[in-house]
Amino acid sequence: MTTALAEKGLAPAPAPATAPDAHQGKKRGRGIDQGVPRWQIYLPLALYLLFTLIPFYWMLLFALRPAGSTSLVPWPMTGEHFAKVWNERSFGIFFQNSMIVGVSSLVMTTAVALAGGYALARFDFKIKKAFMLALLASQFIPGALMLVPLFEIFKNLQMINSLGSVVIAETVFQLPLSMILISGFIRNVPVSLEEQAWVDGCGRFRAFCAVVLPLLRPGLIAVGSFAFVHSWNHFLFALMFLSSQDKQTIPVGLNTLIGSDSVDLGALAAGGVIAAVPVVIVFAFIQKWLITGFSAGAVKG
């Protein structure tokens, strides 16, 4: 009735229905967050951060305060412990050996995992599911179980007391997980991109290098960093395959600071700081790519 009168000019037209207020929608969306006090969020995070940082502070405290001091604050600070482990305890050589093992394992693991991951992601073959199952099952085999056969293999190859034996062992044990991650990341790259390159005259290898490889940067950084950190911190292979002191790595060097009757806590803490610095630097620079790479590689398939 009102509409008919409005058409004849006898009554005002009804007001059009208004859309819901956008600000009200935002308020509803934030209602849960606004109902939680800030201290209930920040207090658990602060406690967790405190629980995490206390061991690092304790290590820095023993490394920086003078020998015999019982102060809870590293003041006055001293570098005597660092000079002792670097020069007298050969940590300079240990650091160099660990860096060689870590970088070599990074390069070899990434290169082989890239080739194997591409094959798993782009080709179908009869034993593909069985091969993937074998890769996953290999993660349940502890490294200590393979020490004897690996030692016999490297002994026959005359590679005992060689950094190459540690690099090969680290690469072999890191390849299964690395291949699974890389294959999952390659599956996220559309095959149509490679097909377009094939149409333009590129071969498979050239198309992979030009089209797919640039898109794999987060995955490669994730796999490479994982391989480096694992090789840097691994103790067992270096202990078993390296006998002379000039071939040992930092984890084995830290073990030499623990005597049968006493422990030099200052030197041990300084060695721990030296061992932790490269890992902290690596994660500080690549944390963004690391999270992206691991989340992209963890896909079904």
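Ala, Val, Leu, Ile, Met, Phe, Trp, Tyr, Cys and Pro count as nonpolar, Asp, Glu, Lys and Arg count as charged, and the others, Gly among them, count as polar. By that scheme, the lining of the second largest pocket has seven nonpolar residues, no polar ones and one charged one. The model is predicted. The protein has 15 helices and zero strands.

**Overall build**
- The protein has 301 residues, and 33% of them count as buried.
- Take the contacts with a separation of 6 or more: residues 24 or more positions apart account for 72% of them.

**Where α6 meets α12**
- Helix α6 covers residues 91-122, and helix α12 covers residues 217-233.
- Their axes come within 8 Å.
- The axes cross at roughly 145°.
- This crossing of α6 and α12 is right-handed.
- On the α6 side, the contact is made by F95, S98, M99, V101, G102, V103, S105, L106, T109, T110 and L114.
- On the α12 side, the contact is made by L220, V223, G224, A227, F228, S231 and W232.
- Sorted by class, the contact residues of α6 and α12 are eleven nonpolar, seven polar and no charged.

**The largest pocket**
- The largest pocket holds about 330 Å³ of space.
- Its lining has 17 residues.
- Which of these lie closest to the centre of the pocket? They are S138, Q139, I141, F173 and Q174.
- Helices α8 (147-156), α9 (163-187) and α12 each supply at least two lining residues.
- Helix α9 gives the most to this lining, with five residues.
- The lining of the largest pocket has eleven nonpolar, six polar and no charged residues.

**The second largest pocket**
- The second largest pocket holds about 150 Å³ of space.
- Its lining is made of A111, L114, A115, Y118, R204, F205, F208 and C209.
- Two elements give two or more residues to this lining: α6 and α11 (204-212).

Notes:
Residues numbered from 1 in each chain as written. Predicted model: local features only at pLDDT ≥ 70, side-chain atom pairs only at ≥ 80, totals over all residues. Heavy atoms only, no water. Axes fitted to C-alpha atoms, helices over the stretch in contact; angles between N-to-C directions. Helix = DSSP H or I, 4+ residues; strand = E, 2+ residues; numbered from the N terminus. Left-handed = near helix turned anticlockwise from the far one by under 90°. Contact = heavy atoms within 4.5 Å. 1 Å grid on protein atoms, 1.4 Å probe; cavity = no way out; pocket = protein on both sides within 12 Å on 5 of 7 lines; lining within 4 Å. Points joined across faces, edges and corners; volume = space filled by probe spheres on them. Buried < 20%, exposed > 50% of the residue type's maximum accessible area, 1.4 Å probe, protein only.
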